[in-house]
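Subject: Handing over a structure

Hi there,

Here is the structure I promised to pass on to you. My notes on it follow just below.

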Amino acid sequence: MSTKVNDQTPKFGCRKVTVVYVLGGPGAGKGTQCAKIAEEFDFCHLSAGDLLRAEQNREGSQYGVLIRTHIQEGTIVPMEVTVKLLEIAMSAEIEKRTSVNWSDGKGRFLIDGFPRKMDQAKKFDETVCIPSLAIHYTTSEEVMLQRLVERGKTSGREDDNIESIKKRFRTHKEQCMPVVDRYSELGKVLEIDSSGSVDDVYKLTREAIMKLLS
């Protein structure tokens, strides 16, 4: 494969592999909704953050210190690292799954918390797979802060503290929202208010997934 961007072909064709980006600020409820979608519709839920946290703790990882520094500062890990981890995880899942929805190299993926920056979006589209849909969960910073502080009591995550959370809010506004705008222009964004109960939010989410798969 050529290394020139214009000559690149995505590794996975969108006719076989369905990718749904799940976007929203920290604490918007992305992970909770992904778990419900994955269970009902046979999607694989890939959290970019979880992959990065696992990689930073993997013995011998060349990216461990780099990832840890970015997570602690609430900043975005270089795109090459995140995109490569997602590609590896997708390939492994396609090889492992045997259900009807995953036959003959097909796959369904929810990619949670990614892309968080424009260069990530372009790189993934060009080299891995073009997304079919981007769900953008929206709510107030007050709601997100309350959820994250509560989660921090038990999560053990290094970034579930007030200082890191506020940095992540700024990062989301400055760098993630342009990504949402990009896919909106392509007609691929569905905005869902995630301020309500988990079940109410999932009702809207479920309708979107059923429409996508019909």
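**Salt bridges**

E93 is buried, at a relative accessible area of 13% (buried is under 20% relative accessible area, exposed over 50% and partly exposed in between, with a 1.4 Å probe and protein chains only). Before going on, please note that this is a predicted model, where local features need pLDDT of at least 70, side-chain atom pairs count only at pLDDT 80 or more, and totals for chains, interfaces and linings use all residues. Residues are numbered from 1 along each chain as its sequence is written, and side-chain values use heavy atoms, leaving out hydrogens and water.

The side chain of E93 meets that of R97 in a salt bridge of 2.7 Å, N to O (a side-chain nitrogen of Lys or Arg within 4 Å of a carboxyl oxygen of Asp or Glu). R97 is partly exposed, with a relative accessible area of 22%. Both belong to a salt-bridge network that links D42, E93, K96 and R97.

How many salt bridges does the structure hold? There are 15. One of them joins the side chains of K167 and E73 (3.3 Å, N to O). Because K167 sits in helix α7 and E73 in helix α3, this pair ties together parts that are 94 residues apart in sequence (helices, H or I with at least four residues, and strands, E with at least two, are DSSP runs numbered from the N terminus). K167 also meets E163 in a salt bridge (3.7 Å, N to O); these two are four residues apart in helix α7, so about one helical turn separates them. E163 counts as exposed at 55% relative accessibility, while E73 is partly exposed at 41%.

**A buried histidine**

H136 belongs to strand β4 (residues 133-138) and is buried, with a relative accessible area of 4%. Its side chain makes a polar contact with the side chain of E191 at 3.1 Å (a pair of N or O atoms within 3.5 Å; within protein, one must be able to donate a hydrogen and the other to accept it, and residues adjacent in sequence count only if both atoms are side-chain atoms). Leaving aside residues up to four places away in sequence, H136 touches several residues, among them L23, H172, M177 and V180 (contact means heavy atoms within 4.5 Å).

I hope this helps you find your way around.

Best wishes
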